[in-house]
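Please walk me through this structure, from its strands to its side-chain contacts. Keep it brisk.

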Amino acid sequence: GKLFFVARNDSGRDPSKYKDIIFMEGKKVTDKYDNVDFLRDINGKLAFIAYSDYTKTKKIVVYDGQELGKDYDTVVGGLYDIDSKLTYIAKKDDKEFFVFDGKEIGKKHSLGPYGYLHSPIMVDGKFGYEVTWGHPIFDGIEIGKEFVDVYGLIDVGEKLAYGARDE
């Protein structure tokens, strides 16, 4: 892997003047974005989340120098490498969903202030993920509804496995 890091030029104590500078292998890559987070090497390319505007309300994904997610209200959560493809969570019209390799995938969820999507996984070509305050989704279907709680989706020999609690 490559070494990526962010340095912040804080220009005093005024947050509106903060500027993040991204370095890769010791060389400056960009200083165009504010509040850079979740730096990842995905398939040999730099990916990160940053604010797209000075209002600090809309986050986008920058992947290999391209700005993604501009059509969404914002990008939430982190970045994931699923089968060497960029995967992230977007939000539009108060619904959250995954974007995998540039395409919306899975269900759209209204989660409220404390819910979130997490732990995406690809098993035998089928996409799955976990949902707080709900059951996981796998291949577009809510799974484990017979249990109180389902967690820890993993791939075991190209088959989905998970933990469950029934009381």
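The rings of Y33 and F48 have their centres 5.5 Å apart. The protein averages a pLDDT of 89, and 93% of the residues score at least 70. Confidence is highest in strand β9 (residues 85–92), at a mean of 96, and lowest in strand β1 (residues 4–9), at 80. Where pLDDT is low, the predicted coordinates should not be read in detail.

Now the strand that carries F48. F48 lies in strand β5 (residues 45–51). Six of the seven residues of β5 are buried, so the strand is mostly covered under the cut-off of 20% relative accessible area. On one hand, β5 pairs with β4 in the antiparallel sense, over five bridges. D41 stands opposite L46 of β5. The two strands form a hairpin with two residues between them. N43 sits in that turn and has a positive phi of about 55 degrees. On the other hand, β5 pairs with strand β6 (residues 59–63), again antiparallel and over five bridges. There, I49 stands opposite V61 in β6.

In the pair of Y33 and F48, the ring planes stand at 70 degrees; that is over 60, so the pair is edge-to-face. Y33 lies in the loop between β3 (27–30) and β4 (34–42), and F48 in β5, so the contact ties together parts that are 15 residues apart in sequence. Is Y33 buried or exposed? Its relative accessibility is 7%, under the 20% limit, so Y33 counts as buried.

Y72 is in the loop between β7 (66–68) and β8 (74–82), while F97 is in strand β10 (residues 95–100), so the pair ties together parts 25 residues apart in sequence. Y72 and F97 are both buried. F97 has a charged contact too: the charged end of K108 sits over its ring, 4.9 Å from the centre. Elsewhere, Y80, F98, F100, F127 and Y129 form one aromatic cluster.

Four strands make an open sheet in the order β8-β9-β10-β11, with antiparallel pairing. Why is one side of β8 and of β11 left without a neighbour in the sheet? Both stand at the edges, and each has a single partner strand, so one side of each has no neighbour there. The twist averages 20 degrees from one strand to the next. Between β10 and β11, the strands run antiparallel and four bridges join them. V99 stands opposite E104 in β11.

E104 brings in the charged side chains. How many salt bridges does the structure hold? The structure holds four. In one of them, the side chains of E104 and K108 meet at 3.0 Å, N to O. E104 has a relative accessible area of 41%, and is partly exposed. K108 is partly exposed too, at 48%.

Other salt bridges centre on E67. Salt bridges that share partners join K32, E67 and K70 into one network. The side chains of K32 and E67 meet at 3.3 Å, N to O. That pair links distant parts of the chain, with K32 in the loop between β3 and β4 and E67 in strand β7, 35 residues apart. E67 also meets K70 in a salt bridge, at 2.8 Å, N to O.

Which of these residues is exposed? K32 has 52% relative accessibility, over the 50% limit, so K32 counts as exposed. E67, at 26% relative accessibility, counts as partly exposed. K70 has a relative accessible area of 48%, which falls between the limits, so K70 is partly exposed.

Conventions:
Residues are numbered from 1 along each chain as its sequence is written. Side-chain values use heavy atoms; hydrogens and water are left out. Rings of Phe, Tyr and Trp (its six-membered ring) pair if their centres lie within 6.5 Å; planes under 30 degrees apart count as stacked, over 60 as edge-to-face and the rest as tilted. Buried means under 20% relative accessible area, exposed over 50%, partly exposed in between (1.4 Å probe, protein chains only). A charge sits over a ring if NZ of Lys or CZ of Arg is within 6 Å of the ring centre and within 35 degrees of the ring normal. Two strands pair if DSSP finds at least two bridges between them. Axes are lines fitted to C-alpha atoms, for helices over the stretch in contact, and angles run from 0 to 180 degrees between N-to-C directions. pLDDT is the predictor's confidence in each residue, from 0 to 100.
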